[in-house]
Amino acid sequence: MTESLTQRDQKCIWHPYTPISAQSAGPIAIVKGKGAWLYDENGKKYLDVISSWWVNIHGHAHPYIAGKIAAQLHTLEQVIFAGFTHEPAITLAERILELLPGEFSRVFFSDDGSTAVEVALKMALQYWYNQGVKKTRILAFQHAYHGDTFGAMAASSRSIFTRPFDPLLFEVRRIDPPLPGKESDALAQLEYEIKHHRDTLAAFIFEPLVLGAGGMLMYDAEPLDNMLLLCRQNDIVTIADEVMTGFGRTGTLFAIQRLQQKPDLICLSKGITGGFMPLGLTACSEKIFHAFRSSDKSHTFFHGHSYTANPLACAAAGASLDLCAEPSFNKNLKRISHKHSVFSAQLARHPLAEHVRTTGTILAFDLKSPEGTSYLNPMRDRIYYFFMEQGILIRPLGNTIYLMPPYCITDEELDTVYNAIMGFLNEHFHRNEFYTDN
């Protein structure tokens, strides 16, 4: 008897963010993707409303991006990027710098979001080192998530993600994000840190407008602007982690377009290739780059990856940018944003939905639960499997349910998801399984 892909998988693969249990049903084997849909080996299809971990912005197997990668395959597939270069990387860097708001002048390529953050942190720290200034402290938000490599973990809030490694992570100063109603508290905490640690604060790293894995926490641009201005006035390097928010997620191509104050560094990944290839990118201002320009070789930025600026990934990113430049791109961002806003008003009236929030193409809310809001909330699996049975891929953060669909999703497909959410809430409300206002 022929084994299924799932059976074969369970004998040889260790999956990310997946508890290992003898009772595990195993992963779902996907054999095809098209548009907003994924198809498994048994013929069942799933509406992918989290863009496969937030990367697939144009839809699965988009023929235009696939065609550009195929063409590049016949020209150049890989070349060392130390001492060499190639056209796809140059063109992509030129285009990114032209699109980014602010004073970015250089691009450094890496492999993914975590490595893009590692690069930014190391650049910020060595920026001061090369000038003979002893600034080594990093400042970050509570609830932040910046990746799973060690530097990115250190910048992230201590949580279930980091617990086994906490003793090995370097110290990071923490302040609250400027969430609605807490803006003045966040600014006061920043002022305190500057007053007491100004001489050692090297950089402030932040997720602009939305803290993703920390619970899809959303805040406005104005209080962040005030914080960035304070950092600039006190000579603190600022790093925008747009790994998740970049390429349209907040309604503009980059979240920092909504800011008056622009960061010194920005980290990009996830949607950069439209979900086709792994690629990370860190852009910096000329001020940062200048600190590394020296005849002293010890000032070199000694960092790199084997697949840095892989030509296939750069070709995919260039093709994705082509699609982002089409009129339909912004039209879809506005359409999805409007649909989310209308549905969020309906959702906010339900007794089991709280903290309903939306920005751009992201919609999130917390399911009211006796255990409170947390990543390990036991409702997580019930939520996940309820929607999977209905052919909808939603991967909740504990009892936080969020939507982050590819931009090709239709209004009808969105309505299917909205109706399923209301069905889930109504079913569990009538069972009286959660705290309610009744």
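The model is predicted: local features need pLDDT of at least 70, side-chain atom pairs count only at pLDDT 80 or more, and totals for chains, interfaces and linings use all residues. Numbering starts from 1 along each chain as its sequence is written, and side-chain values use heavy atoms, without hydrogens and water.

**Whole chain**

Switch to the C-alpha trace. Along its principal axes the trace spans about 70 × 55 × 45 Å. The radius of gyration is 22 Å, which agrees with the value near 22 Å for a compact globule of 438 residues (taken over C-alpha atoms; the rule is 2.2 Å times the number of residues to the power 0.38).

Colour by burial. Buried residues make up 52% of the 438 (buried means under 20% relative accessible area, with a 1.4 Å probe and protein chains only).

**Thr-162**

Now select Thr-162. Find this residue in the loop between helix H6 (150-155) and strand E6 (172-175). Thr-162 counts as buried because its relative accessibility is 2%.

Show side chains. Those of Thr-162 and Asp-166 are joined by a polar contact of 2.8 Å (a pair of N or O atoms within 3.5 Å; within protein, one must be able to donate a hydrogen and the other to accept it, and residues adjacent in sequence count only if both atoms are side-chain atoms).

Technical notes. Buried means under 20% relative accessible area, exposed over 50%, partly exposed in between (1.4 Å probe, protein chains only). Helices (H or I, at least four residues) and strands (E, at least two) are DSSP runs, numbered from the N terminus.
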